[in-house]
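Good morning, and thank you for making time for this presentation. I shall take one region at a time, and I ask you to keep the structure in view as I speak.

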Amino acid sequence: MPLIASPPRYVVKPMPVQITQAQVNALLMLDTGTIGHVLDAGFMDQGLQQQMPGRKLAGTAVTVRCTLPDSVMGHYALKFVRPGDILIIDRGQDQRTACWGAATAYAAAAVGLSGVIIDGATSDVADSNAAGLPVWSRGLSPVTTKYRGLGGDMNIPITCGGVAVKPGDAILADENGIVVIDPSQLDDVISQSQFWMRSEKEFLETLRKNPRLCYPDFTGASAIVEKNLR
């Protein structure tokens, strides 16, 4: 009896609620390194690198899963993305084919997408830069995906950079890395990070005024070590 091929599987869920512009602005005043003093989890691995140095990106996660050499779902998402959205693409085990290139970058910039983070390869970085669309990826490849109609998912929980990402999560990406923050925790994370940043600036001012200041004595490192010396 001949086998009947299954139709391609496509899942498209509703667009998530966006984080507020005030929250975006607050994140852009911070950096992932500062948030790293507040959070231990939610940071994508170091294999994901910004392809345009010096860019910073903050906004709302719109998730796409296209784990085969097929670009249909990543392109389809551009029908729905809004200014302030960041497209997060789960490429699964396909690290060879680039799912993002010149035409996609210009189309994404035209509809207001803030940027894209790809757990895989991209291409045509110069065109993305010219379009003003920041890209983070694992690297570059001249081998591209095709319109194969093999299926895909949009606005479902995915994995990117070893981190679970839900549609609607807050994203901050910069030269130090990428952090994913649950929107229910976002205001608290911003507040704690702002406090840490202010404290650090105050310390740096103290250090400038007192260049001979003993740093480990000031921070308490000396007390911890010397109390426990054997």
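Let me begin with Ser-71, which is located in the loop between β3 and α3 (72-76). Helices here are DSSP runs of H or I of at least four residues, strands are runs of E of at least two, and both are numbered from the N terminus. Ser-71 has a relative accessibility of 4% and so counts as buried. By buried I mean under 20% relative accessible area, by exposed over 50%, and by partly exposed anything in between, with a 1.4 Å probe and protein chains only. Apart from neighbours within four places in sequence, Ser-71 is in contact with Cys-99, Thr-145, Lys-146 and Tyr-147; contact means heavy atoms within 4.5 Å.

The model is predicted, so local features need pLDDT of at least 70 and side-chain atom pairs count only at pLDDT 80 or more, whereas totals for chains, interfaces and linings use all residues. Residues are numbered from 1 along each chain as its sequence is written, and side-chain values use heavy atoms, with hydrogens and water left out.

Now the chain as a whole. Eight helices and 13 strands make up its secondary structure elements. Its C-alpha atoms fill a box of roughly 80 × 40 × 35 Å along the principal axes. Of the 230 residues, 44% count as buried. Among contacts with a separation of 6 or more, 76% are between residues 24 or more positions apart.

I turn next to helix α1, residues 21-28. Which residues of α1 are buried? They are Gln-23, Val-24, Ala-26 and Leu-27. Viewed down the axis of α1, these buried residues fall within an arc of 165°, and therefore they line one face of the helix. The arc is that of the directions from the helix axis to the C-beta atoms. Gln-21 and Ala-22, on the other side of α1, are exposed. The cover over the buried residues of α1 includes α2 (32-35), β3 (57-65), β12 (170-174), β13 (177-181) and α6.

The crossing is left-handed, that is, the near helix is turned anticlockwise from the far one by less than a right angle. From α1, Gln-23, Ala-26 and Leu-27 meet Leu-186, Asp-187, Ile-190 and Gln-194 of α6. The residues of this contact divide into four nonpolar, two polar and one charged. In that count Ala, Val, Leu, Ile, Met, Phe, Trp, Tyr, Cys and Pro are nonpolar, Asp, Glu, Lys and Arg are charged, and the others, Gly among them, are polar.

The cysteines come next. How many disulfides does a search of the whole structure find? The search finds zero, where a disulfide is a pair of cysteine sulfur atoms within 2.5 Å. Cys-160 is in no disulfide, and the nearest cysteine sulfur to it, that of Cys-99, is 10 Å away. Cys-160 is buried, at a relative accessible area of 0%, whereas Cys-214 is partly exposed, at 35%.

Let me now consider the backbone. Most residues other than glycine have a negative phi. Asp-124, although not a glycine, has a positive phi of about 55°. It lies in the loop between β6 (121-122) and α5 and, at 38% relative accessibility, counts as partly exposed. Asn-155 is likewise not a glycine and has a positive phi of about 60°. Asn-155 lies in the loop between β9 (152-154) and β10 (158-160). Is Asn-155 buried or exposed? Asn-155 is buried, with a relative accessible area of 4%.

Ser-123 also lies in the loop between β6 and α5, and its 9% relative accessibility makes it buried. Beyond neighbours within four places in sequence, Ser-123 is in contact with Ala-98, Trp-100, Gly-101, Ser-141 and Thr-144.

Ala-130, in helix α5 (residues 125-131), is exposed, with a relative accessible area of 58%. Ala-103, in helix α4 (residues 102-110), is exposed, with a relative accessible area of 63%.

Methods:
Axes fitted to C-alpha atoms, helices over the stretch in contact; angles between N-to-C directions.
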